[in-house]
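Notebook out, model open. I wanted to look up the pockets and then the sheet.

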Amino acid sequence: MAKAMRIRKDDTVVVTGGKDRGKTGRVLRTDPQKRRVYVEGLNIVKRHQRPRSVKDTQKGAQTGGIIEKEGPIHVSNVMLLDPTDNKPTRVGVRASQVGKRERYAKRTGKAIEAG
């Protein structure tokens, strides 16, 4: 079983390693089994796509050609931006006053709101 990732969808992260080091973006989706995240506008890769058609309607038809899309980045190469001062921080998990599980920024100790 994969270890739970502390980076979630819609978090704002900064890349700490690789060709996009120093850039920031919003997490589009996560892949916990492979420990990867997809960040909006970062790690752009080119893919060759075949045109596809949907019968009876043209709404779902996709055009072919070379498309650019976001590639995966390993979760160890991104850091969450602290919502209070927009600086990179590590993420911890603790029990809140209500007894629920909450993520918090280790830099400031403030809770990170979900979503």
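Predicted model: local features only at pLDDT ≥ 70, side-chain atom pairs only at ≥ 80, totals over all residues.

I checked who lines the largest pocket, and strand 7 gives the most, with 3 residues. Residues are numbered from 1 along each chain as its sequence is written, and side-chain values use heavy atoms, with hydrogens and water left out.

I looked up the volume of that largest pocket next: about 330 Å³. Its lining has 15 residues, and R6, I7, V75, V78 and V91 are the closest to the centre. By class I got 8 nonpolar, 2 polar and 5 charged. (Ala, Val, Leu, Ile, Met, Phe, Trp, Tyr, Cys and Pro count as nonpolar, Asp, Glu, Lys and Arg as charged, the others, Gly among them, as polar.)

For the terms: a pocket is an open set of points on a 1 Å grid over the protein atoms alone, where a 1.4 Å probe fits, with protein on both sides within 12 Å along at least five of seven lines, and lining residues have an atom within 4 Å of a point. Volume is the space filled by probe spheres set on the points, which are joined across faces, edges and corners.

The second largest pocket holds about 160 Å³. I found 11 lining residues there, with D11, T12, P83, I112 and E113 nearest the centre.

Then back to strand 7, residues 78-81: 2 bridges join it to strand 8, antiparallel. L81 stands opposite P88 in strand 8. Both strands belong to an open antiparallel sheet of 6 strands, order 6-3-2-1-7-8. (Pairing takes at least two DSSP bridges.) Strand 6 (72-74) and strand 8 (88-89) each have a single partner strand, so one side of each lacks a neighbour in the sheet.

Note on methods:
Helix = DSSP H or I, 4+ residues; strand = E, 2+ residues; numbered from the N terminus.
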